[in-house]
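Please look over the sequence and the model shown here before reading on. The report that follows takes up a few parts of the chain one after another.

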Amino acid sequence: MAVDALTDVAGVRVGHVTRTGGGWLTGTTVVLAPEGGAVAAVDVRGGGPGTKETDALDPRNVVQKVEAIVLTGGSAYGLDAASGVMAWLEERGRGVRVGPDATHVVPVVPAACVFDLGRGGDFRARPDAATGRAAVEAAAASAVGAAVREGCVGAGTGAAAGPLKGGVGTASMLLDSGITVAALVVVNAAGSVLDPETGVLYGELFQGRVDRPEAEVHEAARRRLAEAAATSGPPPLNTTLAVVATDAELSKAQAQKVAGTAHDGIARAVRPVHLLHDGDTVFALATGARPLDAEHPLALNPVLAAAADVVTRAIVRAVRAAESVEGAGGVWPAYEELYGSVGEG
(Lines give C-alpha, C1' and ligand atoms only; values in the text may rest on other atoms or scores of the structure.)
Protein backbone atom coordinates (compact mmCIF):
# COMPACT_ATOMS: atom_id res chain seq x y z
CA MET A 1 0.00 0.00 0.00
CA ALA A 2 1.35 3.41 -0.97
CA VAL A 3 2.42 5.72 1.87
CA ASP A 4 3.01 8.87 -0.21
CA ALA A 5 6.75 8.72 0.41
CA LEU A 6 10.06 7.94 -1.26
CA THR A 7 9.67 4.35 -0.12
CA ASP A 8 6.75 3.90 -2.55
CA VAL A 9 9.50 3.17 -5.10
CA ALA A 10 9.87 -0.53 -4.44
CA GLY A 11 13.08 -1.49 -2.67
CA VAL A 12 14.10 2.04 -1.65
CA ARG A 13 14.53 2.48 2.10
CA VAL A 14 15.13 5.56 4.27
CA GLY A 15 16.91 5.80 7.62
CA HIS A 16 17.27 8.81 9.92
CA VAL A 17 19.56 9.56 12.83
CA THR A 18 18.56 12.59 14.91
CA ARG A 19 20.76 14.28 17.51
CA THR A 20 19.27 16.88 19.85
CA GLY A 21 20.10 18.26 23.28
CA GLY A 22 23.44 19.01 24.90
CA GLY A 23 24.39 21.43 22.12
CA TRP A 24 23.21 19.13 19.31
CA LEU A 25 20.61 19.98 16.67
CA THR A 26 21.59 18.00 13.61
CA GLY A 27 21.37 14.58 12.00
CA THR A 28 21.77 12.41 8.93
CA THR A 29 19.38 10.75 6.48
CA VAL A 30 20.39 7.82 4.27
CA VAL A 31 18.52 6.67 1.19
CA LEU A 32 19.37 3.01 0.61
CA ALA A 33 18.87 1.60 -2.88
CA PRO A 34 17.80 -2.01 -3.53
CA GLU A 35 20.72 -4.44 -3.36
CA GLY A 36 22.60 -4.20 -6.63
CA GLY A 37 22.16 -0.45 -6.72
CA ALA A 38 20.21 2.05 -8.77
CA VAL A 39 21.19 4.25 -11.70
CA ALA A 40 22.03 7.64 -10.21
CA ALA A 41 22.59 11.22 -11.31
CA VAL A 42 22.79 14.67 -9.76
CA ASP A 43 22.13 18.30 -10.62
CA VAL A 44 23.76 21.00 -8.44
CA ARG A 45 22.43 24.54 -8.87
CA GLY A 46 23.28 26.28 -5.63
CA GLY A 47 26.38 28.48 -5.59
CA GLY A 48 27.71 27.09 -2.31
CA PRO A 49 27.27 23.31 -2.36
CA GLY A 50 28.85 20.85 0.01
CA THR A 51 28.99 17.50 -1.75
CA LYS A 52 30.93 14.24 -2.08
CA GLU A 53 31.27 11.85 -5.06
CA THR A 54 29.00 13.89 -7.33
CA ASP A 55 31.55 13.73 -10.19
CA ALA A 56 31.06 9.95 -10.27
CA LEU A 57 27.44 10.55 -11.30
CA ASP A 58 28.33 12.43 -14.48
CA PRO A 59 26.90 10.41 -17.41
CA ARG A 60 30.32 10.56 -19.07
CA ASN A 61 31.95 8.67 -16.21
CA VAL A 62 32.22 4.96 -15.50
CA VAL A 63 30.08 4.42 -12.38
CA GLN A 64 26.57 3.38 -13.41
CA LYS A 65 24.85 2.55 -10.12
CA VAL A 66 25.11 3.50 -6.46
CA GLU A 67 23.90 1.67 -3.35
CA ALA A 68 23.11 4.67 -1.16
CA ILE A 69 22.88 8.46 -0.98
CA VAL A 70 23.61 10.47 2.15
CA LEU A 71 21.94 13.73 3.14
CA THR A 72 23.45 15.23 6.26
CA GLY A 73 23.71 18.18 8.57
CA GLY A 74 27.02 19.53 9.77
CA SER A 75 28.02 21.43 6.64
CA ALA A 76 31.17 20.03 5.01
CA TYR A 77 32.19 18.38 8.29
CA GLY A 78 29.05 16.26 8.15
CA LEU A 79 30.06 14.69 4.85
CA ASP A 80 32.15 12.32 6.98
CA ALA A 81 28.85 10.49 7.57
CA ALA A 82 29.29 8.94 4.12
CA SER A 83 32.37 7.08 5.39
CA GLY A 84 30.24 5.13 7.83
CA VAL A 85 27.83 4.20 5.06
CA MET A 86 30.75 3.10 2.86
CA ALA A 87 32.08 0.83 5.61
CA TRP A 88 28.66 -0.78 6.12
CA LEU A 89 28.28 -1.42 2.38
CA GLU A 90 31.80 -2.80 2.03
CA GLU A 91 31.14 -5.33 4.79
CA ARG A 92 28.27 -6.64 2.68
CA GLY A 93 30.13 -6.65 -0.63
CA ARG A 94 27.94 -3.89 -2.03
CA GLY A 95 29.68 -1.45 -4.35
CA VAL A 96 31.65 -1.20 -7.57
CA ARG A 97 33.57 -4.44 -8.16
CA VAL A 98 37.28 -3.63 -8.54
CA GLY A 99 38.99 -6.99 -8.08
CA PRO A 100 38.70 -10.76 -8.60
CA ASP A 101 37.23 -11.38 -5.16
CA ALA A 102 33.56 -10.58 -4.48
CA THR A 103 34.67 -8.58 -1.45
CA HIS A 104 36.84 -6.31 -3.60
CA VAL A 105 34.38 -3.46 -3.93
CA VAL A 106 34.45 0.31 -3.61
CA PRO A 107 31.05 1.64 -2.54
CA VAL A 108 30.40 4.96 -4.26
CA VAL A 109 28.26 6.93 -1.82
CA PRO A 110 27.28 10.39 -3.08
CA ALA A 111 26.50 12.84 -0.30
CA ALA A 112 25.36 16.41 0.21
CA CYS A 113 25.14 18.53 3.33
CA VAL A 114 23.11 21.37 4.79
CA PHE A 115 24.48 24.13 6.98
CA ASP A 116 23.23 23.80 10.56
CA LEU A 117 26.44 24.42 12.49
CA GLY A 118 25.83 25.89 15.93
CA ARG A 119 22.05 25.76 15.74
CA GLY A 120 21.94 23.55 18.80
CA GLY A 121 24.43 25.77 20.62
CA ASP A 122 27.64 23.80 19.99
CA PHE A 123 29.42 24.57 16.72
CA ARG A 124 31.38 21.30 16.98
CA ALA A 125 28.30 19.07 17.35
CA ARG A 126 27.96 17.54 13.90
CA PRO A 127 27.43 14.15 12.24
CA ASP A 128 30.37 11.80 11.71
CA ALA A 129 31.02 8.33 10.31
CA ALA A 130 29.24 6.69 13.25
CA THR A 131 26.15 8.80 12.53
CA GLY A 132 26.15 7.71 8.91
CA ARG A 133 26.52 4.05 9.86
CA ALA A 134 23.62 4.30 12.29
CA ALA A 135 21.45 5.92 9.61
CA VAL A 136 22.14 3.24 7.00
CA GLU A 137 21.51 0.55 9.61
CA ALA A 138 18.16 2.20 10.35
CA ALA A 139 17.34 2.19 6.65
CA ALA A 140 18.29 -1.48 6.26
CA ALA A 141 16.22 -2.44 9.29
CA SER A 142 13.09 -0.75 7.96
CA ALA A 143 10.42 -2.69 6.10
CA VAL A 144 9.99 -2.35 2.35
CA GLY A 145 7.43 0.36 1.71
CA ALA A 146 7.59 1.69 5.28
CA ALA A 147 6.32 5.15 6.10
CA VAL A 148 9.03 7.82 6.38
CA ARG A 149 9.22 10.17 9.35
CA GLU A 150 8.99 13.84 8.41
CA GLY A 151 9.79 17.16 10.06
CA CYS A 152 12.69 17.69 12.46
CA VAL A 153 14.41 14.36 11.89
CA GLY A 154 17.62 13.20 10.24
CA ALA A 155 19.23 15.81 8.04
CA GLY A 156 16.28 18.11 8.72
CA THR A 157 16.83 18.22 12.49
CA GLY A 158 18.60 21.58 12.45
CA ALA A 159 17.16 22.85 9.18
CA ALA A 160 15.63 26.31 8.83
CA ALA A 161 13.56 27.88 6.07
CA GLY A 162 14.51 31.52 6.50
CA PRO A 163 13.22 32.40 10.01
CA LEU A 164 10.89 29.36 9.99
CA LYS A 165 11.81 25.87 11.14
CA GLY A 166 12.59 23.58 8.22
CA GLY A 167 12.87 19.82 8.05
CA VAL A 168 12.37 16.67 6.01
CA GLY A 169 9.38 16.02 3.77
CA THR A 170 8.47 13.33 1.26
CA ALA A 171 5.81 12.63 -1.38
CA SER A 172 5.09 10.25 -4.25
CA MET A 173 2.99 9.96 -7.40
CA LEU A 174 1.77 6.99 -9.42
CA LEU A 175 1.66 7.76 -13.14
CA ASP A 176 -0.90 6.37 -15.59
CA SER A 177 1.89 4.20 -17.01
CA GLY A 178 2.28 2.45 -13.66
CA ILE A 179 5.63 4.18 -13.00
CA THR A 180 6.16 5.64 -9.53
CA VAL A 181 8.01 8.92 -8.97
CA ALA A 182 8.80 10.07 -5.45
CA ALA A 183 10.91 12.62 -3.60
CA LEU A 184 12.48 13.21 -0.21
CA VAL A 185 13.53 16.79 0.51
CA VAL A 186 15.54 18.51 3.25
CA VAL A 187 14.30 22.10 3.46
CA ASN A 188 17.03 24.39 4.79
CA ALA A 189 16.42 27.36 2.52
CA ALA A 190 17.88 30.83 2.60
CA GLY A 191 14.84 31.96 0.62
CA SER A 192 11.30 32.13 1.95
CA VAL A 193 8.76 29.31 1.73
CA LEU A 194 5.79 31.60 2.38
CA ASP A 195 4.28 34.63 0.70
CA PRO A 196 5.05 37.56 3.05
CA GLU A 197 1.83 39.36 2.10
CA THR A 198 -0.55 36.51 2.89
CA GLY A 199 1.30 33.88 4.92
CA VAL A 200 0.35 31.19 2.41
CA LEU A 201 3.07 28.68 1.53
CA TYR A 202 4.35 29.22 -2.01
CA GLY A 203 4.14 25.49 -2.68
CA GLU A 204 0.47 25.45 -1.73
CA LEU A 205 -0.24 28.45 -3.95
CA PHE A 206 1.23 26.47 -6.83
CA GLN A 207 -1.01 23.53 -5.94
CA GLY A 208 -4.07 25.80 -6.14
CA ARG A 209 -4.73 26.11 -2.41
CA VAL A 210 -5.85 29.67 -1.82
CA ASP A 211 -7.24 29.65 1.73
CA ARG A 212 -5.59 32.53 3.55
CA PRO A 213 -4.94 32.92 7.25
CA GLU A 214 -6.99 35.52 9.11
CA ALA A 215 -5.38 38.96 8.94
CA GLU A 216 -4.74 39.10 12.69
CA VAL A 217 -3.16 35.62 12.62
CA HIS A 218 -0.84 36.65 9.81
CA GLU A 219 0.13 39.88 11.55
CA ALA A 220 0.92 38.03 14.78
CA ALA A 221 2.99 35.52 12.80
CA ARG A 222 4.95 38.28 11.10
CA ARG A 223 5.81 39.82 14.46
CA ARG A 224 6.90 36.46 15.84
CA LEU A 225 9.08 35.74 12.81
CA ALA A 226 10.72 39.15 13.03
CA GLU A 227 11.50 38.57 16.69
CA ALA A 228 12.89 35.11 15.96
CA ALA A 229 15.07 36.41 13.13
CA ALA A 230 16.48 39.09 15.41
CA THR A 231 17.30 36.46 18.03
CA SER A 232 18.85 33.93 15.69
CA GLY A 233 20.44 36.28 13.18
CA PRO A 234 20.32 35.79 9.42
CA PRO A 235 20.97 32.24 8.18
CA PRO A 236 24.49 32.53 6.72
CA LEU A 237 24.57 29.44 4.50
CA ASN A 238 21.58 27.34 3.51
CA THR A 239 20.63 24.54 1.18
CA THR A 240 17.65 22.57 -0.06
CA LEU A 241 18.50 18.95 -0.85
CA ALA A 242 16.37 16.35 -2.59
CA VAL A 243 16.46 12.74 -3.70
CA VAL A 244 14.01 11.91 -6.48
CA ALA A 245 13.50 8.19 -7.05
CA THR A 246 11.58 6.27 -9.69
CA ASP A 247 11.10 2.64 -10.65
CA ALA A 248 11.45 3.59 -14.33
CA GLU A 249 14.34 2.17 -16.31
CA LEU A 250 16.54 5.18 -17.07
CA SER A 251 20.02 5.81 -18.42
CA LYS A 252 22.33 8.06 -16.42
CA ALA A 253 21.66 10.87 -18.89
CA GLN A 254 17.91 10.48 -18.45
CA ALA A 255 18.31 10.39 -14.67
CA GLN A 256 20.32 13.59 -14.83
CA LYS A 257 17.50 15.23 -16.77
CA VAL A 258 15.09 14.13 -14.03
CA ALA A 259 17.34 15.68 -11.36
CA GLY A 260 17.52 18.93 -13.31
CA THR A 261 13.79 19.21 -13.89
CA ALA A 262 13.12 18.42 -10.22
CA HIS A 263 14.82 21.71 -9.33
CA ASP A 264 11.72 23.39 -10.78
CA GLY A 265 9.86 21.94 -7.82
CA ILE A 266 12.16 23.83 -5.45
CA ALA A 267 11.71 27.06 -7.40
CA ARG A 268 7.91 26.79 -7.06
CA ALA A 269 8.08 26.47 -3.28
CA VAL A 270 11.13 28.56 -2.25
CA ARG A 271 11.90 32.12 -3.36
CA PRO A 272 14.61 32.98 -4.21
CA VAL A 273 16.58 29.81 -4.93
CA HIS A 274 20.00 28.78 -6.30
CA LEU A 275 21.82 31.79 -4.87
CA LEU A 276 25.53 31.97 -4.06
CA HIS A 277 24.94 31.03 -0.42
CA ASP A 278 22.63 28.12 -1.31
CA GLY A 279 23.87 24.61 -1.99
CA ASP A 280 20.70 23.39 -3.73
CA THR A 281 21.34 19.83 -4.93
CA VAL A 282 19.02 17.17 -6.35
CA PHE A 283 19.93 13.50 -6.76
CA ALA A 284 17.98 11.10 -8.96
CA LEU A 285 17.73 7.32 -8.51
CA ALA A 286 16.18 4.90 -11.02
CA THR A 287 15.70 1.28 -9.96
CA GLY A 288 14.83 0.10 -13.50
CA ALA A 289 11.87 -2.11 -12.59
CA ARG A 290 9.59 -0.58 -15.24
CA PRO A 291 10.83 0.11 -18.79
CA LEU A 292 9.87 3.28 -20.60
CA ASP A 293 7.98 2.95 -23.88
CA ALA A 294 10.88 2.56 -26.33
CA GLU A 295 8.60 3.46 -29.24
CA HIS A 296 7.68 6.80 -27.72
CA PRO A 297 10.49 9.40 -27.95
CA LEU A 298 8.83 11.59 -25.30
CA ALA A 299 8.08 8.81 -22.82
CA LEU A 300 10.31 10.46 -20.22
CA ASN A 301 8.17 13.63 -20.10
CA PRO A 302 5.62 12.42 -17.51
CA VAL A 303 8.48 11.37 -15.22
CA LEU A 304 10.08 14.80 -15.58
CA ALA A 305 6.86 16.62 -14.78
CA ALA A 306 6.13 14.37 -11.81
CA ALA A 307 9.64 14.88 -10.40
CA ALA A 308 9.04 18.62 -10.05
CA ASP A 309 5.56 18.10 -8.63
CA VAL A 310 6.60 15.66 -5.89
CA VAL A 311 9.49 17.92 -4.85
CA THR A 312 7.08 20.83 -4.39
CA ARG A 313 4.71 18.68 -2.32
CA ALA A 314 7.58 17.31 -0.24
CA ILE A 315 8.74 20.84 0.60
CA VAL A 316 5.25 21.78 1.77
CA ARG A 317 5.06 18.63 3.89
CA ALA A 318 8.49 19.31 5.42
CA VAL A 319 7.50 22.80 6.52
CA ARG A 320 4.12 21.65 7.87
CA ALA A 321 5.66 18.72 9.76
CA ALA A 322 8.36 20.84 11.42
CA GLU A 323 8.16 21.68 15.12
CA SER A 324 9.34 24.91 16.73
CA VAL A 325 12.83 25.02 18.21
CA GLU A 326 14.05 27.44 20.85
CA GLY A 327 17.46 26.94 22.39
CA ALA A 328 21.01 28.13 22.81
CA GLY A 329 21.54 28.31 19.06
CA GLY A 330 18.47 30.37 18.22
CA VAL A 331 14.71 30.42 17.79
CA TRP A 332 12.85 28.97 14.79
CA PRO A 333 9.04 28.91 14.99
CA ALA A 334 7.14 26.25 13.08
CA TYR A 335 4.66 27.19 10.38
CA GLU A 336 1.79 25.26 11.93
CA GLU A 337 2.39 26.86 15.33
CA LEU A 338 2.07 30.28 13.68
CA TYR A 339 -0.74 29.58 11.24
CA GLY A 340 -2.33 26.28 12.23
CA SER A 341 -3.64 23.96 9.54
CA VAL A 342 -5.20 26.69 7.40
CA GLY A 343 -4.97 25.80 3.70
CA GLU A 344 -3.79 22.26 4.39
CA GLY A 345 -5.30 19.77 2.01
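Which elements do the buried residues of α2 pack against? They pack against β1 (13-21), β2 (24-32) and α1 (81-91), where contact means heavy atoms within 4.5 Å. Helices (H or I, at least four residues) and strands (E, at least two) are DSSP runs, numbered from the N terminus.

This is a predicted model, in which local features need pLDDT of at least 70 and side-chain atom pairs count only at pLDDT 80 or more, while totals for chains, interfaces and linings use all residues. Residues are numbered from 1 along each chain as its sequence is written, and side-chain values use heavy atoms, with hydrogens and water left out.

The buried residues of α2 are T131, G132, A135, V136 and A139; here buried means under 20% relative accessible area, exposed over 50%, and partly exposed in between, with a 1.4 Å probe and protein chains only. They cover an arc of only 130 degrees around the axis, which puts them on the same side of α2, the arc being that of the directions from the helix axis to the C-beta atoms. On the other side of α2, A130 and A141 are exposed. An α-helix has 3.6 residues a turn, so residues three or four places apart point the same way.

Helix α2 runs over residues 129-141, and because its 13 residues at 1.5 Å a residue should span 18 Å, the 18 Å between its end C-alpha atoms agrees with expectation; the expected span is 1.5 Å times one less than the number of residues. At the N-terminal end, D128 caps α2, with a side-chain oxygen 3.2 Å from the backbone nitrogen of A130.

In α1, the buried residues are A81, A82, G84, V85, W88 and L89. Seen down the axis of α1, these residues fall within an arc of 155 degrees, so they line one face of the helix. Among the elements that cover them are β4 (51-52), β6 (68-72), β9 (111-113) and α2.

**Backbone angles**

Most residues other than glycine have a negative phi, and most peptide bonds are trans.

The peptide bond from R271 to P272 is cis, with omega near -10 degrees, and P272 lies in the loop between α5 (252-269) and β15 (281-291).

**Charges over rings**

R271 also lies over the face of Y202, at 4.3 Å from the ring centre, and the charged end of R19 sits over the ring of W24, 3.8 Å from its centre. A charge sits over a ring if NZ of Lys or CZ of Arg is within 6 Å of the ring centre and within 35 degrees of the ring normal.

Is S172 buried or exposed? S172, which has its place in strand β12 (residues 167-174), is buried, with a relative accessible area of 12%. Not counting residues up to four places away in sequence, S172 touches D4, A5, D8, V181, A182, V310 and R313.

R320, found in helix α6 (residues 301-321), is buried as well, with a relative accessible area of 8%. R320 and E150 are 170 residues apart in sequence, and their C-alpha atoms are 9.2 Å apart in space.

Key. A polar contact is a pair of N or O atoms within 3.5 Å; within protein, one must be able to donate a hydrogen and the other to accept it, and residues adjacent in sequence count only if both atoms are side-chain atoms.
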